[in-house]
Amino acid sequence: MDPKNENLKARKTPQYALYQRQNFWKSNEGENPLFNTDPGHLEEQAKAKLTQNGWFYASSNAGQSHTHTANRQAFYRHRIIPRMLVDTNLRDTKTSIFGHEVNAPIGFAPVGINKIYHPHGELPVASAAGGLGLPYALSTAGSQPIEDVAASNDAGAAHSKDGSGSAVRFFQLYMPHDDELTRSLLQRAVDSGFTACILTLDTWQLGWRHDDVATSNYAFYHGQGADLGLTDPVFQRRLKEAGIDPKTQPNEAGAMWIDNVWHGRAHTWEKAVWAMKLWKELSGGKPFCLKGIQSVDDAQKAVEHGFDGIVVSNHAGRQVDGAVASLDALEKIVQAVGDKTYVMYDSGVRSASDVFKALALGAQFVWIGRLWIWGLSIMGETGVDHVVRSLLADLDILMNVAGFQSIDQIKKDGRKHLESGPKDYPLQPITSKL
């Protein structure tokens with residue numbers, strides 16, 4: 001924790017490990033660390049801050065949470081084998097994604113309706129991501145206009161605490177069946193400087209989530225969270241055509257918006273290709289990826305159809321109950337197409353060791369969701385920054401004590417430094433829903 005460590009001179013990114021020292025030193029200045037970032041504690045603190053419905057929406061999983069449980073158990077079966085006497089004074093967490101250099105292989109996964117967790121919704125999250133120099137993904141189900149989120153991301157990057165900020169942002173598309181509306185959403189994203197698009201495949205309809213259903217817990221149907229859609233010129237025209245005034249009929253307007261997005265009608269590979277071509281046309285060829293891939297066959301089809309990348313994800317267990325663990329799916333998919341496309345990962349990530357394991361098993365990049373949601377719920381942008389900065393410190397320290405100098409080294413050699421048990425998961429629900 002020496003602040004004069006020569007590692008400072010050798011790296012392009014901040015020495016995140018020093019965040020540990022800063023927190024240890026706080027009591028000498030009459031201060032305390034902001035809050036405990038252990039995932040279990042984060043969950044407890046967020047639950048205390050949120051309304052019942054806010055908590056239910058953030059924590060709910062599909063069915064009996066068996067997929068969520070499998071996600072966590074898959075991480076448990078892999079163990080890191082540290083290596084010693086490596087000159088980790090030369091380490092760095094930097095990496096790149098689609099040609100953009102970023103401070104770590106960690107991004108802010110797309111999560112909808114952020115106003116459930118904080119009055120300013122996605123704005124503080126986008127700002128924190130920009131300040132940390134990490135990619136941010138905006139959900140089509142976002143509760144702020146696309147343009148405002150982009151501006152917040154730019155502002156966060158410009159006012160980075162350590163000068164390492166950057167605005168690399170992805171637009172996550174839930175594709176309407178209204179093609180004109182899809183074009184409008186993508187054009188807004190292009191005009192707002194989004195650097196790539198991710199089409200989510202596993203949420204044509206929400207999975208059955210008991211707590212949400214039992215409490216009629218759907219913000220869009222109660223006049224909250226549809227700002228991204230309500231600010232779209234095409235959708236505004238659709239509202240007029242339907243005779244719905246969003247000011248006097250917010251519930252009906254919100255329902256019409258989200259029913260255009262999560263509507264129970266599935267798309268096809270042909271339609272996904274159409275969306276990719278449209279994005280390429282509008283953006284001048286920027287990357288277009290698919291999120292929600294779990295089978296090798298689907299991964300191979302994504303390669304055959306020319307998509308730029310895939311996110312191996314089961315929506316953190318929120319869509320298909322009893323499904324394969326996403327980390328187990330990652331291994332098979334990487335073996336099949338890892339050298340043919342850019343493979344990203346999300347679902348169940350809650351620590352630096354999880355990030356390490358996903359990278360070692362072949363992911364090029366890792367997205368996190370619920371961790372930053374809890375930070376947002378607890379303390380807004382400051383909370384998001386604290387949670388993710390702590391995760392970065394955890395990763396930096398893990399690399400130091402486990403003997404890895406770079407992210408590329410983890411990707412290249414990490415698999416042989418994992419000891420992996422069998423895929424034998426007893427059905428034991430995990431206490432935390434993270």
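The model is a predicted one, in which local features need pLDDT of at least 70 and side-chain atom pairs count only at pLDDT 80 or more, while totals for chains, interfaces and linings use all residues. Residues are numbered from 1 along each chain as its sequence is written, and side-chain values use heavy atoms, with hydrogens and water left out. In an unreviewed entry, UniProt places the feature "domain: FMN hydroxy acid dehydrogenase" at residues 31–420; such positions are given in the numbering used here, feature names are shortened, and annotations may be inferred rather than shown by experiment.

Helix 4 (residues 52–59) has six of its eight residues buried, so it is largely enclosed by the rest of the structure, where buried means under 20% relative accessible area, exposed over 50%, and partly exposed in between (1.4 Å probe, protein chains only). Its buried residues are Gly54, Trp55, Phe56, Tyr57, Ala58 and Ser59, and what covers them includes helix 3 (39–49), helix 9 (210–214) and helix 17, contact being heavy atoms within 4.5 Å.

Helix 5 (residues 66–76) is mostly covered as well, with nine of its eleven residues buried, among them His68, Asn71, Arg72 and Phe75. The buried residues of helix 5 pack against strand 1 (78–80), helix 15 (326–337), strand 10 (342–345), helix 16 (352–360) and helix 17 (370–402). Gln73 lies in helix 5 and is buried, with a relative accessible area of 11%. From C-alpha to C-alpha, Gln73 and Phe365 are 21 Å apart in space, and they are 292 residues apart in sequence.

Elsewhere, helix 8 (residues 179–191) and helix 11 (residues 233–242) pack at an angle of about 145°, with their axes 8 Å apart; axes are lines fitted to C-alpha atoms, for helices over the stretch in contact, and angles run from 0 to 180 degrees between N-to-C directions. Glu180, Leu181, Ser184 and Arg188 in helix 8 meet Pro233, Val234, Phe235, Arg237 and Arg238 in helix 11. Helix 12 (residues 250–259) has the buried residues Ala253, Gly254, Ala255, Met256, Trp257 and Ile258, and these pack against helix 8, helix 10 (227–230) and helix 11.

Arg169 is found in strand 6 (residues 169–173) and is buried, with a relative accessible area of 3%. The side chains of Arg169 and Asp154 are joined by a polar contact of 2.9 Å, a term for a pair of N or O atoms within 3.5 Å, of which, within protein, one must be able to donate a hydrogen and the other to accept it, and for which residues adjacent in sequence count only if both atoms are side-chain atoms. Not counting residues up to four places away in sequence, Arg169 touches residues including Tyr136, Asn153, Ser192 and Phe194.

A search of the whole structure finds zero disulfides, a disulfide being a pair of cysteine sulfur atoms within 2.5 Å. Cys197 is in no disulfide, and the nearest cysteine sulfur, that of Cys289, is 8.4 Å away. Cys197 is buried, with a relative accessible area of 0%, and Cys289, at 0% relative accessibility, also counts as buried.

Definitions and conventions
Helix = DSSP H or I, 4+ residues; strand = E, 2+ residues; numbered from the N terminus.
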